[in-house]
Amino acid sequence: MAAELHVELVAADRSVWSGEATLVVARTTSGDIGVMPGHQPLLGVLESGPVTIRTSDGGTVVAAVHGGFISFADNKLSLLAEVAELADEIDAQRAERALERAKSDDDDAAERRADVRMRAVSGR
């Protein structure tokens with residue numbers, strides 16, 4: 001059996017995803033990071049962006065994450081997000097409308113959120 005790490009993706013209001021994985025890719029303030037079993041311990045600040053989880057059964061889970069923290073030690077990875085939603089939960093048409101509305105309103109923060117949601121949907 002391949003080496004695994006236990007992943008917990010938690011938003012401020014709920015547990016989003018939990019399970020075993022072989023790789024997690026997330027965006028931090030220092031850049032994108034890939035975490036595999038046996039990675040050095042880390043603590044970082046999450047930037048808004050898609051998080052990709054390669055599950056132990058060969059599947060892929062993608063989530064739109066908006067800020068938070070990432071922590072890894074003893075093959076346990078915690079992603080503590082301010083807001084997070086799985087790509088499967090995102091209505092692509094609604095996200096696209098939100099992106100267009102944010103662009104027309106010149107709302108940079110809303111545009112970043114909508115863009116992350118669209119990237120998560122396209123990466124699932």
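Q: Why is Val61 called buried?
A: Val61 has a relative accessible area of 15%, and buried means under 20%, with exposed over 50% and partly exposed in between (1.4 Å probe, protein chains only). Since 15% is under 20%, Val61 counts as buried.

Q: What kind of model are these values computed from?
A: This is a predicted model, in which local features need pLDDT of at least 70 and side-chain atom pairs count only at pLDDT 80 or more, while totals for chains, interfaces and linings use all residues. Residues are numbered from 1 along each chain as its sequence is written, and side-chain values use heavy atoms, leaving out hydrogens and water.

Q: Where does Val61 lie, and which residues does Val61 touch?
A: Val61 lies in strand S6; helices (H or I, at least four residues) and strands (E, at least two) are DSSP runs, numbered from the N terminus. Not counting residues up to four places away in sequence, Val61 touches Trp17, Val51, Thr52, Ile53, Thr55 and Leu86. Here a contact means heavy atoms within 4.5 Å. As for Leu86, its C-alpha atom is separated from that of Val61 by 7.4 Å, although the two are 25 residues apart along the chain.

Q: How do you know whether His66 is buried or exposed?
A: Look at its relative accessible area, which is 9%. That is under 20%, so His66 is buried. His66 is found in strand S6 too, and its contacts, again leaving aside residues up to four places away in sequence, are Ser48, Glu82, Val83, Arg113, Val116 and Arg117.

Q: Why are Arg119 and Asp115 separated by about one helical turn?
A: They are four residues apart in helix H2, and that is why the separation is about one helical turn. Arg119 counts as partly exposed at 30% relative accessibility, and so does Asp115 at 31%.

Q: What makes the link between Glu89 and Arg14 a polar contact?
A: A polar contact is a pair of N or O atoms within 3.5 Å; within protein, one must be able to donate a hydrogen and the other to accept it, and residues adjacent in sequence count only if both atoms are side-chain atoms. The side chains of Glu89 and Arg14 are joined at 2.7 Å, so the distance is within 3.5 Å. Glu89 is found in the loop between strand S7 (76-86) and helix H1 (92-105). At 40% relative accessibility, Glu89 counts as partly exposed.

Q: Why does Phe69 count as partly exposed?
A: Its relative accessibility is 48%, which falls between 20% and 50%, so Phe69 is partly exposed. The place of Phe69 is in strand S6 (residues 60-73).

Q: How do you know that the radius of gyration agrees with a compact globule?
A: The radius is taken over C-alpha atoms, and the globule rule is 2.2 Å times the number of residues to the power 0.38. With 124 residues, the rule gives a value near 14 Å; the protein chain has 15 Å, which agrees. Along its principal axes the C-alpha trace spans about 50 × 25 × 25 Å. Of the 124 residues, 37% count as buried.

Q: How many helices and strands are there, and in what pattern?
A: The protein chain has two helices and seven strands. Read along the sequence, the pattern is β-β-β-β-β-β-β-α-α.
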